Amino acid sequence: MASVQIRGIQKAFGSTQVIRGVDIDIPDGQFAVLVGPSGCGKSTLLRMLAGLEEITDGEIAIDGRVVNNVQPKERDIAMVFQNYALYPHMTVRDNMAFSLMLAKVDKSAIAERVKRAADILGLGELLERYPRQLSGGQRQRVAMGRAIVRNPQVFLFDEPLSNLDAKLRVQMRAEIKELHQRLKTTSVYVTHDQIEAMTMADQIVVMRDGRVEQRGRPLDLYDNPANLFVAGFIGSPAMNFIPGTLRRSGDDLLVEFSDGSRLPAPARADGADGQPVIYGVRPEHLALDGPGGIASEVAVVEPTGANTEVYSRFCNTDINAIFRERHDFRPGEVIRLSPDHAHTHLFDAASGEAMRRVH
């Protein structure tokens, strides 16, 4: 196992800058997830870590050793790709053993490592099959087994679940997390799926346009997003954003909306009277209220069994609310939604940055 340090990394393809000064520390044994929309640079960063892309500027160190000019095979990493990259003419056993054979590892040691990986991943009965005889989930397990047998310092995962159906993705997500808990190998995982990021990561790194927007523990990012982008990207369904104006009334700080209604600003918020703001509240932090709350017109009701998801409109803004109870609202009906003020957020409308009082 090893720590990973990424310092001031930049990457340009000609005149196009795709990574713009990224700094990330990944402690020994941590599962770090790089998440962001397509084109944000997360896969490019992973490929630079693997040695598959040259670094324009900055340093990458694995276990304290700068690897900028070290060949991929000498970095002691193992990568699991999106498309599995299995050899179709080789059995599962030979696919898993191939890298060790190239490294001229002793045959008995190869057999022992393959057996151990197969036992961990439940592949024991599939060792003599070919990739064409396997399901998508089984192929992904073989790809992970091929990485495990190398006993690397760092595992790299490049969107490994994106080709699987939804049910299998959930299953494999749990299996990868369990595998990490067992092996405790430092891992860097790339995905655009924030649910994968939230459920699997020790540290989430949110990227946009080649920069790190925020990094930290999953629930820290969920509870304290640094800006509108992170707030909208982390959490499913996404946070509701309502434009408003900040108003000071004595010692009270309020948010006024376009219909004249007002709600208390978050307790930690700060700002100037009359400042344009964005009021943020997650769907699960809205409750049905009698005379209080904000009047919102129902547009669509989606019963999911466990929850009722209600889409409505308030001040020309779409609002999403999730209720544990079952409701039979009709389109056009007006309901009153009351935010849990302990879990609301305030952002500057111009910069998108979170507005929090500095202590």
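Modeller: Leaving aside residues up to four places away in sequence, Ile176 touches Phe31, Met144, Phe157, Pro160, Leu161, Tyr189 and Met200; contact here means heavy atoms within 4.5 Å. The model is a predicted one, in which local features need pLDDT of at least 70 and side-chain atom pairs count only at pLDDT 80 or more, while totals for chains, interfaces and linings use all residues. Residues are numbered from 1 along each chain as its sequence is written, and side-chain values use heavy atoms, with hydrogens and water left out.

Ile176 is also among the residues with the most contacts inside the largest nonpolar core, which has 48 residues; the others are Met96, Met144, Tyr189, Ile204 and Val206. Such a core is a set of buried Ala, Val, Leu, Ile, Met, Phe, Trp, Tyr and Cys residues joined through side-chain atoms within 4.5 Å. Buried means under 20% relative accessible area, exposed means over 50%, and partly exposed lies in between (1.4 Å probe, protein chains only). Helix H3 (residues 107–121) supplies the largest share of this core, six residues. A second, separate core of 29 residues includes Ile19, Ile26, Leu156 and Met207.

Helices (H or I, at least four residues) and strands (E, at least two) are DSSP runs, numbered from the N terminus. Helix H4 (residues 136–148) packs against helix H5 (residues 166–183) at an angle of about 20°, and their axes are 11 Å apart. The H4 helix is therefore roughly parallel to H5. Axes are lines fitted to C-alpha atoms, for helices over the stretch in contact, and angles run from 0 to 180 degrees between N-to-C directions. Angles under 35 degrees count as roughly parallel, over 145 as roughly antiparallel, 65 to 115 as roughly perpendicular, and the rest as oblique.

On the H4 side, the contact is made by Gly136, Gly137, Gln140, Arg141, Met144 and Ile148. H5 contributes Leu168, Gln171, Met172, Glu175, Ile176, Leu179 and Leu183. By class, the residues of the H4 contact with H5 divide into seven nonpolar, four polar and two charged. In this scheme Ala, Val, Leu, Ile, Met, Phe, Trp, Tyr, Cys and Pro count as nonpolar, Asp, Glu, Lys and Arg as charged, and the others, Gly among them, as polar.

H5 also packs against H3, at an angle of about 130° and with the axes 11 Å apart. H3 is therefore oblique to H5. Arg116, Ile120 and Leu121 of H3 meet Leu179, Arg182 and Leu183 of H5. The contact of H3 with H5 has four nonpolar, no polar and two charged residues.

Some loop features complete the description. Ser236 and Pro237 are joined by a cis peptide bond, with omega about -5°, and Pro237 is found in the loop between helix H8 (228–233) and strand E11 (240–249). Cys315 lies in the loop between strand E17 (308–314) and strand E18 (317–323), and its phi is near 50°, a positive value in a residue other than glycine. Cys315 counts as partly exposed, at 22% relative accessibility. Asn316 is found in the loop between E17 and E18, with a positive phi near 60°. Asn316 counts as exposed, at 81% relative accessibility.
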